[in-house]
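Hi,

I am passing a structure on to you, and my notes on it follow below.

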Amino acid sequence: MPVVDKSSICVVEVDSMNRIHYEEADMLNELDELMQAHEAGNTSDDALDAKLDEFLQHMTAHFRGEEVQMQAINFPPYPIHKSEHDAQIALANEKIDAWKQSRELEPLAAYLRIELPQWLDQHIATMDKVTARFFAMNGKEVSLDL
Ligand SMILES: [Fe+2]
Ligand SMILES: [Fe+2]
């Protein structure tokens, strides 16, 4: 069973945001499978590291894409929304760096399978949902290519 059930992710009013959220859920499910393979001794640290870097790049671009459009429309709650993003990027970096140093998979797996999916669920259902309403009113889409 995938760790992230895409049908449970809150749908927001901007399609490009929904697409990015589904891509991130797909990547978390792929990471789960890769961690299972690693736990079974069937994949290397390097393969997992490469996927982790790809995931971090996606999450960074996802957050930046939203932040750029919030600034473009002078969205007043921007600092609150951005501070949630910044805290999560810092935590993801911390967990991935700790894994690369210690090669202990358990704390990373707990983060990627439980903590981060829970945070994403609530972030999307609150911050992103409200933000998307304002983007939709202003005809804004979110892009990963900035
Ligand atoms: Fe988002
Ligand atoms: Fe967000």
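The buried residues of helix 3 are covered by, among others, helix 2 (45-72) and helix 4. Those buried residues are H81, A92 and W99, where buried means 20 or more other C-beta atoms within 10 Å of a residue's own, exposed means 12 or fewer, and partly exposed is in between, with C-beta atoms placed from the backbone. Helices here are DSSP runs (H or I, at least four residues), numbered from the N terminus.

Before going further, a word on the source: this is a predicted model, in which local features need pLDDT of at least 70, side-chain atom pairs count only at pLDDT 80 or more, and totals for chains, interfaces and linings use all residues. Residues are numbered from 1 along each chain as its sequence is written, while chains are lettered from A and ligands numbered from 1 in the order in which they are written.

Back to helix 3. Its 25 residues should span 36 Å at 1.5 Å a residue, and the end C-alpha atoms are 36 Å apart, so the two agree; the expected span is 1.5 Å times one less than the number of residues.

Helix 3 (residues 78-102) packs against helix 4 (residues 105-137) at an angle of about 170°, and their axes are 11 Å apart. The axes are lines fitted to C-alpha atoms, for helices over the stretch in contact, and angles run from 0 to 180 degrees between N-to-C directions. From helix 3, residues including H81, K95 and W99 meet residues of helix 4, among them L108, W119 and T131; contact means C-beta atoms, placed from the backbone, within 7 Å. The residues of this contact comprise 9 nonpolar, 4 polar and 2 charged. For those classes, Ala, Val, Leu, Ile, Met, Phe, Trp, Tyr, Cys and Pro count as nonpolar, Asp, Glu, Lys and Arg as charged, and the others, Gly among them, as polar.

Helix 4 also meets helix 1. Their axes come within 11 Å and cross at roughly 170°, which makes helix 1 roughly antiparallel to helix 4. Helix 1 brings residues such as M17, L28 and M35 to the contact, and helix 4 brings L112, I124 and D128 among others. By class, there are 10 nonpolar, 2 polar and 4 charged residues in this contact.

Within helix 4, the buried residues include L116, L120, D128 and F135, and the buried residues of this helix pack against helix 1 (15-39), helix 2 and helix 3. Helix 4 bends by about 40° at D128, the bend being the angle between axes fitted to the seven residues ending there and the seven starting there.

Now for the loops. Most residues other than glycine have a negative phi. R103, in the loop between helix 3 and helix 4, has a positive phi of about 60° although it is not a glycine. R103 is exposed, because 11 other C-beta atoms lie within 10 Å. N74 sits in the loop between helix 2 and helix 3, and its phi is also positive, near 50°. N74 is exposed, with 9 other C-beta atoms within 10 Å.

Finally, H58 belongs to helix 2. It counts as partly exposed, having 16 C-beta neighbours inside 10 Å. Leaving out residues up to four places away in sequence, H58 touches E23, E24 and M27.

Best wishes

Conventions
Helix = DSSP H or I, 4+ residues; strand = E, 2+ residues; numbered from the N terminus. Contact = placed C-beta atoms within 7 Å. Parallel < 35°, antiparallel > 145°, perpendicular 65-115°, else oblique.
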